[in-house]
Amino acid sequence: MAAAARKLLVVWCCGCFVLAVDLLLDVFVLTSPFSERIALVFALNGERVEVNAKDVDPTTTLNEYIRSKTKYKGTKLGCGEGGCGACAVVLSRIDTATNEPVYVSVNSCLRPLASMDGWAVTTTEGLGAVDSKQGLHPVQERLMTMNATQCGFCTPGMVCTLYGKLKSSQKAGGSSMAELEATYDGNICRCTGYRPILDAAKTFARDSDIEDLVCKSTPRGDYDHKKYDPEFPAFLKQHKTPETACFQAPGENGVKWVRAASIADVWAQFAAHKNDGDVKLVVCIPDPTASQTQTQPCIRA
Ligand code: FES
Ligand code: FES
């Protein structure tokens, strides 16, 4: 076990804390059975993804994984620090209280791959495409028909941000125009201008007013979710994320990631690493199920 560490990162993710320790000198020795077993199971556009423990580098983001290891290149990398929304994807997971999926759009540039067990990831390709059998999803279609895209760099993020908001508010009867406008707070477009983007989004609002919109011939109101939305993958419905896990980046200075099952476990990890040098909390990942099922604390730097 390592003796000297440089950084300690704690995040809250899908009901459990995740603790990452950046080791300065020593290497946490991983045995082969641990390295070879499947450590992460998640879905990407409905397809099953399995990642072995030895391949989970705690410094790898979901964005890096999608763009470098899969065929899906629609998700973009812009700022790489959570400011532009070009990397937005939609995550869903079964809420154990209702047994129904819950949805949230996230910046994949900030989301660690190590935290992805049990999640279903949807990128713009998972919603639709002009040359696919299902064609465009209504979110994509309205952005297109209302001229809400120019160079297209921001568009996959705009699509996923809007889709995530529509899905997360679906049970509550949808979103208002003000809520849809606010949902784009974290998305930047360098060239189209925001008016057509916001107009396209507002066509989905429950209080959408035809007089407020420039393009009056565009369809408006909700759409047939059953027809157009990808289903939550069946293989994830019964999936149970192990309460604990540990991954480490290769090399002597590799970051170590420890998933803890409870707050008590988090403090136990702090206690275990109290002599490991510069220890700090740097990130928090909110759990979309938290507001519906329980109150979960977050730790920030
Ligand atoms: S790349 Fe800009 S928010 Fe992720
Ligand atoms: S369409 Fe070019 S950045 Fe938005």
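Predicted model: local features only at pLDDT ≥ 70, side-chain atom pairs only at ≥ 80, totals over all residues.

Visitor: OK, C246 to begin with. Which element is it in?
Guide: C246 is found in strand β8, which covers residues 245-248.

Visitor: And is C246 buried, partly exposed or exposed?
Guide: C246 is partly exposed, because 19 other C-beta atoms lie within 10 Å, and buried would take 20 or more.

Visitor: What does C246 touch, leaving out residues up to four places away in sequence?
Guide: On that count, C246 touches K256, W257 and V258.

Visitor: How far is the C-alpha of C246 from that of A53?
Guide: The two C-alpha atoms are separated by 8.2 Å, and C246 and A53 are 193 residues apart along the chain.

Visitor: Where does N99 sit?
Guide: N99 is in the loop between β5 (88-95) and β6 (100-107).

Visitor: Why does N99 count as exposed?
Guide: Because N99 has 8 C-beta neighbours inside 10 Å, and the cut-off for exposed is 12 or fewer.

Visitor: Now N147. What's its phi?
Guide: The phi of N147 is near 55°, again a positive value in a residue other than glycine.

Visitor: Which loop holds N147?
Guide: The one between α4 (138-145) and α5 (155-168).

Visitor: And is N147 buried, exposed or partly exposed?
Guide: N147 is partly exposed, since it has 16 other C-beta atoms within 10 Å.

Technical notes:
Residues numbered from 1 in each chain as written. Chains lettered and ligands numbered in written order. Helix = DSSP H or I, 4+ residues; strand = E, 2+ residues; numbered from the N terminus. Contact = placed C-beta atoms within 7 Å.
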